[in-house]
Structures are given as C-alpha cells and as structure tokens.
Amino acid sequence: MKTKTVYINTIGCQMNVYDSERMLRLLADENYMPTSSIETADLIIVNTCAIREKAVQKVHSFLGRLNVLKKKNPRLHVVVAGCVAQQQGAKLIERFPQVNIVMGTHAVDQLPDLLRGVKPDGMPIVAVDMTDIIHENPAHTVMSSSGKEVTGFVTIMRGCDNYCTYCVVPYVRGREISREPGAIIAEIKVMVQSGVKEITLLGQNVNSYGVKEGLTSFVKLLALVNDIEGLERIRFVTSHPKDLSDQLIASFGTLQKLCNHIHLPVQSGADPVLKRMNRKYTRNAYLKKIARLRAASPDIAISTDFIVGFPGETDADFAATIDLMKTVRFDSLFAFEYSDRSEAPASRFSGKIASDVKYRRLQALLDLQKQIISDNHAALIGRVFPVLIEGESKNQQKKPEVPGIVELTGRTSENRIVNFPVSSHSPLDMDALKGQIMSIRIETAFLNSFRGVAVENQIESFTPERRHSHVA
Ligand code: 5AD
Ligand code: SF4
C-alpha cells in the first residue's frame, strides 16, 4: 500500500493534543505518515477548539486558506475534528465546501472508517453523534510515545456535567464519562515502558472521576498510578474547586510521585459573579481550600484561570478579583476576556461589559500578576530543585553551540521551567540524559523560566524523586 501523508493542526487544550495523537496512531495503521508540509499532504486535519470566539475564528481562517490547496490538489482530504466540528456540524460544510469530513468529539475512533467513506466528488460526511460510552480498543488507546518523550498525557474522563454558565464544553464534549481504571493503568504502563517519566491525567473535572459510574475514586486512582514502577511524576488537570476533597488535598503531602502543583481555576474573586457563573463555591470556600493545600504542602505551586468582564461584573466585583489575587499570590495564571458562546446561558444574560472595559480589566490583572511573579520568582533564587530533564533548551537549539557546554531544559515538580548548562567534552547522549532528574540551584529568574546550575555536575538518577526543594 502506498504511504500517504497527514498534516494535523491542533488548536486548544491538552485534550485535543491527546485526541490528535490518537488520530495519528489510528492513521499509522492505515499507512499515513505525519508530515509538517501542508502543501504536499494527502490529508489535512484541523482539531478545533470552541471555548472562545477567537479560537473559532482561528479555525475559520485556517479552513479558508485550504481553498487554494484543494484547488491545486482535488484529491486532498480535509477533516475538521473536535469542538467546532461538534458545535457547527453540517453548517461548516455550507461555509467551507472544501471540507470532506466533519467529525465531532465522540468520533475519533471512527476516523479510518470515515476516510474510507470519502468518494471522489461524493457528499461530505458529517459524524457528530454523541455516545455515552468510551471505546476502548487497547491497540489504539495505548499511546506509546515513540521513545522520544519524557512526558505524556492520558485522558481519564471526558465531558463535563457542571454547566458553568459561560462555558460551551458541556455542549460540545457531552456528559461526563470516566474510563475504567484498568485501561488507564495499562496505558500508562506502556508509556512508561517507552520512556515516559511524567504523566498528566486529563479530564475537564478530574475530581469527579468515577463518581457517576461508581468506579475507583480519583484519590484511589492516583494511588494506583503512584504504584507504577518506573514512573517518576504525576500531574493532573483540571480540578474544579467545589469537588476538591480533603483526601485529595492530603495526597499532596503523602503521595510520593504527585507533583507539587495544582491548577485550580477560580474564574472570579467576587461572590455575585461566581454565583451567576454557577461555580457552586464562594470566594471564602476557595480561599479555605487554598489554605488547606498550603497546610498539606507548604511550597505547593498554585495556578488558576480568570475570566474578566463576565456579564454584570461591576468595578467592585473586579476589585474583589484583584484582592483575591493579592491574597493567594498565584504562581501562574491564564486570564481571558469573557466571550459569548451562543449555547451557554450567559450569552443571554444582561449587563454585557463593553470591550474596552474588559480589555482594561485584563491588562490591570496581568500587570498585577507580573509584579507578583517577579517577587515570587526572586524569592526562589538560591534554592535547589529536582529538575526532570526534557532535552536541550530552546536557546541551545537556536544559538550556535558554545564548545563544551550544552544548555538543557526541564521542569521542577512545581512545573517551573529551568534551563541550565552542563559541560560535555564529548557529544552528549541526549537520549540517556532525557528523563533523568538533576538537582539544580536557581541563579536567575525570568517571568516564565529560570536559569540555574547543577549542584553536583553529574547526573543523578535516584528513584523515588526527592519531592521537596531545600535551601542550598
Ligand atoms: N469566555 C472566556 N473564557 C472562557 N473560559 C471558558 N469559557 C469561556 C468564555 N466563554 C475560560 C475559563 C476556563 C478556561 C479553560 O477557559 O477560564 O477555565
Ligand atoms: Fe466548562 Fe465549568 Fe465544565 Fe470547566 S467545569 S469545562 S468551565 S462547564
């Protein structure tokens, strides 16, 4: 069979990154090789995100540009997958007739069959049915990482039942469904065998893992993953504050491999806004959870998401958000201007905020965060952290080599990026270095990364990892 090539453009969250990897795996069995050359690809897939209007615009402009390629090569197949495909279905074909397949968020496993159904000059195919089961074809769900990656993702649940009033996810990803723990563990074991040291468990709301199905609880699942030999680190995203249990909080102090970082989206610091967002927690309840997390693991890094300019957000509400930031002093955050999603109820709320006000609030929030980060980061100078080596740093890849010195990059358990030089008199065996853990002393702090030096200029490979940093 002739080998064909596939170009895949992944927009959006880690769930899409994971689904794109699954698609590539399914396509490998059909003799498709991934390519970075869009001009020569036989198949182009765009895996889409619908969370904000800007992400949808990105998809539309990408599809618009494919017109020219399709004219040059009428045999080119174009697939739109993911959340925009689910949301817009057949409407996408009316607007972009060059599209051959629109496949929704529950159709990933059907991709090979759908491609076989594409006929020259045939009708485009739309597959946007939602199922309430997760297909588990072990041959295809197991994500061996080709031996090159140190970190990997595993989906543990899909969908969301929370219905935050601004959010499109429950409508485009469907109801919450959890995967069987056995399938998750099996998948991680295969990844670990192929060299993965750090796993991130993915779900829209991992804290409610297994509840609906009566499966193992999330805390027990974490313990099972912790027992996998050869795995060094565990992360998870995303947690909903209302479901963050005391047992899970305690795990940060007790589970050896659980990284010292949590992403806990708060969205707003004002109770009236949280209520209208249907977040089901108050500012105080959130602050209490933060205090408990810090009691369980004093150095824990905490990141969050904010939405500014939610309908009805007053100056006083926004001031409450700023005040919450000053209280918590997040290690990092994502902040977004509120964007209407037609499916989500908030699009019909009164009190929409003018775009210049949203913009000003976002800038004020980001300015404050810059200040907080630069203070937080300065306080880390001189401290030593175990860093999991991911490979050569971006600088090393861009800059001409300094003879005898190679700059490596990795992350601390707190998810901080640290670059550091190692001396080498012979070419470094990067494959052997990747996945090792070294103790690095922080010397210089930037906004998004750090530079450091190895404490002992040799590679350590102790297991289990030393979880906590110490002052050198
Ligand atoms: N407008 C702006 N931001 C949004 N998010 C989700 N929906 C919207 C929306 N309609 C943000 C939330 C969420 C993150 C993934 O995206 O902060 O946590
Ligand atoms: Fe969207 Fe809320 Fe579900 Fe997160 S918890 S995916 S913000 S509905």
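This is a predicted model: local features need pLDDT of at least 70, side-chain atom pairs count only at pLDDT 80 or more; totals for chains, interfaces and linings use all residues.
Colleague: How are helix H13 and helix H14 oriented to each other, roughly parallel or roughly antiparallel?

Modeller: Two packed helices are described by the angle between their axes and the distance between the axes. For H13 (residues 315-328) and H14 (residues 355-378), the axes lie 10 Å apart and the angle is about 15 degrees. Angles under 35 degrees count as roughly parallel. The angle therefore makes H13 and H14 roughly parallel.

Colleague: Which residues of H14 does H13 meet, and how many residues of the contact are charged?

Modeller: From H13, the residues Asp315, Phe318, Thr321, Ile322, Met325 and Lys326 take part. Their partners in H14 are Arg361, Ala364, Leu365, Leu368, Gln369 and Ile372. By class, the contact of H13 with H14 holds 7 nonpolar and 2 polar residues, and the number of charged residues is 3.

Colleague: H13 also packs with H12; what is the handedness of the crossing of H12 and H13?

Modeller: The axes of H12 and H13 are 11 Å apart, at an angle of about 10 degrees. H12 and H13 are therefore roughly parallel to each other. As H12 passes H13, the crossing is right-handed.

Colleague: Which residues make the contact of H12 with H13?

Modeller: On the side of H12, the contact is made by Arg283, Tyr286, Leu287, Ile290 and Arg294. The residues of this contact of H12 with H13 divide into 6 nonpolar, 1 polar and 3 charged. On the side of H13, the residues are Ala320, Asp323, Leu324, Thr327 and Val328.

Colleague: At what angle do H10 and H12 cross, and which residues of H12 take part in the contact?

Modeller: The axes of H10 (residues 246-254) and H12 (residues 283-296) come within 7 Å and cross at roughly 30 degrees. H10 passes H12 in a right-handed crossing. From H10, the contact uses Asp246, Ile249, Phe252 and Gly253; from H12, it uses Lys289, Arg292, Leu293 and Ala296.

Colleague: What kind of aromatic pair do tyrosine 166 and phenylalanine 310 form?

Modeller: Tyrosine 166 lies in the loop between strand S8 and helix H7, and phenylalanine 310 in the loop between strand S13 and H13, so the pair ties together parts that are 144 residues apart in sequence. The ring centres are 6.3 Å apart, and the planes are 85 degrees apart. Planes over 60 degrees apart count as edge-to-face. The pair of tyrosine 166 and phenylalanine 310 is thus edge-to-face.

Colleague: Where is a cis peptide bond found, and which residue other than glycine has a positive phi?

Modeller: Most residues other than glycine have a negative phi, and most peptide bonds are trans. The cis bond, with omega of about -5 degrees, joins valine 237 and threonine 238, and threonine 238 is in the loop between strand S11 and H10. In the loop between S8 and H7, a residue has phi near 50 degrees, and that residue is tyrosine 163.

Colleague: What separates the C-alpha atoms of threonine 35 and isoleucine 8?

Modeller: Threonine 35 is found in the loop between strand S2 and strand S3. Not counting residues up to four places away in sequence, threonine 35 touches Thr5, Val6, Tyr7 and Ala41. Isoleucine 8 and threonine 35 are 27 residues apart along the chain, and their C-alpha atoms are separated by 8.1 Å.

Notes:
Residues are numbered from 1 along each chain as its sequence is written. Chains are lettered from A and ligands numbered from 1 in the order in which they are written. Side-chain values use heavy atoms; hydrogens and water are left out. Axes are lines fitted to C-alpha atoms, for helices over the stretch in contact, and angles run from 0 to 180 degrees between N-to-C directions. Helices (H or I, at least four residues) and strands (E, at least two) are DSSP runs, numbered from the N terminus. Angles under 35 degrees count as roughly parallel, over 145 as roughly antiparallel, 65 to 115 as roughly perpendicular and the rest as oblique. Contact means heavy atoms within 4.5 Å. Ala, Val, Leu, Ile, Met, Phe, Trp, Tyr, Cys and Pro count as nonpolar, Asp, Glu, Lys and Arg as charged, and the others, Gly among them, as polar. A crossing is left-handed if the near helix is turned anticlockwise from the far one by less than a right angle, and right-handed if clockwise. Rings of Phe, Tyr and Trp (its six-membered ring) pair if their centres lie within 6.5 Å; planes under 30 degrees apart count as stacked, over 60 as edge-to-face and the rest as tilted.
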